[in-house]
Number of protein chains: 2
Amino acid sequence: MEKFEGYTYVDGGVCAAKGFQANGLNCGLNSDKNKNDLGLVVSDVMCNTAAVYTTNKVKGAPIVVTQKHLEATGGKAKAVIVNSKNANTCNADGEEKAERMAELTAKQLGILADEVVVASTGVIGQTLPIEPIESHMEELAKGLSYDGNAKATNAIMTTDTVPKEVAVTFEVDGITCTLGGMAKGSGMIHPNMATTLNFVTTDVAISTDLIQKALTEVAKITYNCLSVDGDTSTNDMVCVMANGLAGNAEITKENKDYETFKQALYIVMMNMTRMLAKDGEGATKLITCVCAGAPDLDTGIIIAKSVICSPLVKCAMYGADANCGRIMCAMGYAKTDCCVTKADVYYISAAGKILVCENGNGLSFDEDLAKKILMEDEIEIYVDLHQGDVKATAWGCDLTYDYVKINGDYRS
Amino acid sequence: MEKFEGYTYVDGGVCAAKGFQANGLNCGLNSDKNKNDLGLVVSDVMCNTAAVYTTNKVKGAPIVVTQKHLEATGGKAKAVIVNSKNANTCNADGEEKAERMAELTAKQLGILADEVVVASTGVIGQTLPIEPIESHMEELAKGLSYDGNAKATNAIMTTDTVPKEVAVTFEVDGITCTLGGMAKGSGMIHPNMATTLNFVTTDVAISTDLIQKALTEVAKITYNCLSVDGDTSTNDMVCVMANGLAGNAEITKENKDYETFKQALYIVMMNMTRMLAKDGEGATKLITCVCAGAPDLDTGIIIAKSVICSPLVKCAMYGADANCGRIMCAMGYAKTDCCVTKADVYYISAAGKILVCENGNGLSFDEDLAKKILMEDEIEIYVDLHQGDVKATAWGCDLTYDYVKINGDYRS
């Protein structure tokens, strides 16, 4: 993972920060008894909490319920309950079931249902069986521990092949603080607010408004610059909970401490974004597009995203084919007015760097070197537009036989 | 092919209308000597000519040159020269080479270079070798014939597995007229003006302005409702040439005769659209989405396109998985304000019809019947939004292992 001065990576994921317990278990939604399907994260004390949600108009019932809860409490929460295998979306009784999940959680923890964030991920349009959740809630709560992060992280995985956890420590006002999180992928992922389930916990003391502001800004340049397949999910959510147990003076202004917090959030969310891209359904390669020489950030993001979203670019990367036409084509249909016809295009990896297109024109290049570069499992497509001095990054993956295989029969 | 009253399907494609000759041959751009790579279509007399082009900002040099020519002549042309295997795009000498193709053609035919429409399709960013074209132009022109359509159609094919030709006869003002065309697919196809190379010829007498108007309207509900892979090509063009040899009084007003002509254009372009979708790269199935109950046409098109563009829908169709969540999700992120959460969703094919989602909620359904329906090679996804009485259609295909295979190493 990329190093950032003043920040140290630590273990513990969603339990890394002070005062956060977690647990996960198999309640029977998933027929594989070795795979958790129900997860719980709880803070010892009330948290200032902010979230961003999917922009899909077909919203999962848990999204609707969580929005209601955070509105009712004015951005306070103590717990997250989350299940996998069933998205509880497009169901007539969806909200009722999501509320029931919150109530069951609240009862075990002795808190209010409104203080519970609810999330679900999995198949859409199938009724959520509530009985398995009801009958396992006591066991789930009793098993909470300060090192239960791995169990909870396992519970939110769907087609993920690896768990996704990141945490960092850093100093705010001379006090050591921690911020960490867990995320799930790995299909139905496309830039549009959140694009996944992601829970971030921190012991920093900071106001809900500033968490929301930092989250919105960081999501724009991390999760919203990620695409696995162009499908924006119905159930996406990134939720940040801050319990203040680090003991710093609460951050209530956009000062240096706020910037320190925001950078921690960026480091965790950016690394999660990379992990989600690299573990995209069927993916064999992480594809990063860096768009340099952009006139502004929005333009750079639009162009970088257009490149990593292109099915033809994704197939070419899978096949290690240094086809610069695919890149130029994808930049050309990006929805921006910016001139892209004067661009230089490079492929970069651990094996080297090669220029394949200059001033918008394809070059003859060393095909053997290009192949070697593109055989690596982390590829950077570097484009310089020569239209300004802003740089933007987007993350994606290759398109493979296995993506088709996984999604040819997702429900079984 | 769907029947339309007053219109009769006939053979002959781009040569079906009176006074159009064509030819195609292998000039050496394609190393497979059995595959044509250079095609020519010529009208005996001057044609009123209109075209629509790709919206990609990275435009192939032939697009730029054709636009210049049609501007210079005020919408008149006599010939189309087209090559496959090399797109002549992102090349420093691209326009010069495209002009040269027009000049070589004009010289053989004794016409002006400005009267030649130029098109290229194939790999982007590699210099177009002009010598093979130069040395074969005389042979190409000498071999022109009134039944040369198949040779020309073969010349524009790239990864297409079948040639694409359609023609109809119909009456204008008591006179029998003919309109026909040829098209190529089959990847880098996404709704945005044209989405392919398509040449339509007709012996109807009609003004250039009205051809342009009809073409723009018909493209909106045919080619622009087609997606194979979400990539909008750099070289797309639909060009319609009308030589007036049928002998009808020239259509210069939007009267009944204009509507008759427009309907003929619709029939040919709609059938081409279906063929392009069904022969999409790696495709095993034609997927049509009919969006009924839409408040207006634009909204219906946006939603139908969102469904057929979704990689997850495309994979589910490949796997014959009746996952209604994929459909609801894709409608939910369609860029429209229309309510989609009350929709009914059906799967329809020659094997039957099944309702899988009602009022936005997933249903339990007969999985065996659903599987049987989705095992057919032409599937209709029928959604009723219940928000109005307009119906729109979009065409696409499934996403398969072979799409990935074809595009993993396109250049070789």
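Two strands pair if DSSP finds at least two bridges between them. The structure described here is a predicted model.

**Chain A as a whole**

Chain A holds 11 helices and 15 strands. Its radius of gyration is 21 Å, close to the 22 Å that the globule rule gives for 412 residues, so chain A is as compact as a globular protein of that length. Taken along the principal axes, the C-alpha atoms of chain A fill a box of roughly 70 × 50 × 35 Å. Of the 412 residues in this chain, 63% count as buried. Contacts in chain A that link residues at least 6 apart in sequence can also be sorted by separation: 81% of them join residues at least 24 apart.

**The six-stranded sheet of chain A**

Strands of a sheet pair through backbone hydrogen bonds, and they do this either parallel or antiparallel. In chain A, six strands form an open sheet in the order 13-12-11-14-10-15, with mixed pairing. Strand 13 and strand 15 (390-397) of chain A are the edge strands, and each pairs on one side only. Helix 6 (residues 256-278) of chain A packs on this sheet, where it touches strand 10 (286-294) and strand 15 of chain A. The direction of helix 6 makes about 40° with that of strand 15 of chain A.

| Strand pair | Bridges | Sense |
|---|---|---|
| Strand 11 (residues 344-349) and strand 12 (residues 352-358), chain A | five bridges | antiparallel |
| Strand 12 and strand 13 (residues 361-362), chain A | two bridges | antiparallel |
| Strand 11 (residues 344-349) and strand 12 (residues 352-358), chain B | five bridges | antiparallel |

How many residues lie between strand 11 and strand 12 of chain A in their hairpin? There are two residues between them. Across this pair, A:Y346 stands opposite A:L355 in strand 12 of chain A.

Strand 12 and strand 13 of chain A also form a hairpin with two residues between them. In that turn, A:N359 has a positive phi of about 55°. On the strands themselves, A:C357 stands opposite A:G362 in strand 13 of chain A.

**Helix 10 of chain A**

In helix 10 (residues 367-374) of chain A, the residues A:A370, A:I373 and A:L374 are buried. These residues cover an arc of only 90° around the axis, which puts them on the same side of helix 10 of chain A. What covers the buried residues of helix 10 includes helix 8 (311-318), strand 11, strand 12 and strand 14 (378-384) of chain A.

Chain B has an open sheet of six strands in the order 13-12-11-14-10-15, and the pairing is mixed. Strand 13 (361-362) and strand 15 (390-397) of chain B stand at the edges with a single partner strand each, so one side of each is left without a neighbour in the sheet. Within this chain, B:Y347 has B:I354 in strand 12 as its bridge partner.

Is helix 9 (residues 324-332) of chain B mostly covered or mostly exposed? Helix 9 is mostly covered, with nine of its nine residues buried. Among them are B:C324, B:I327, B:M328 and B:M331. The buried residues of helix 9 pack against helix 7 (297-309), helix 8 (311-318), strand 11, strand 12, strand 13 and strand 14 (378-384) of chain B.

Notes:
Residues numbered from 1 in each chain as written. Chains lettered and ligands numbered in written order. Predicted model: local features only at pLDDT ≥ 70, side-chain atom pairs only at ≥ 80, totals over all residues. Helix = DSSP H or I, 4+ residues; strand = E, 2+ residues; numbered from the N terminus. Buried ≥ 20, exposed ≤ 12 C-beta atoms within 10 Å, placed from the backbone. Contact = placed C-beta atoms within 7 Å. Rg over C-alpha atoms; globule rule 2.2 N^0.38 Å. Arc of directions from axis to C-beta. Axes fitted to C-alpha atoms, helices over the stretch in contact; angles between N-to-C directions.
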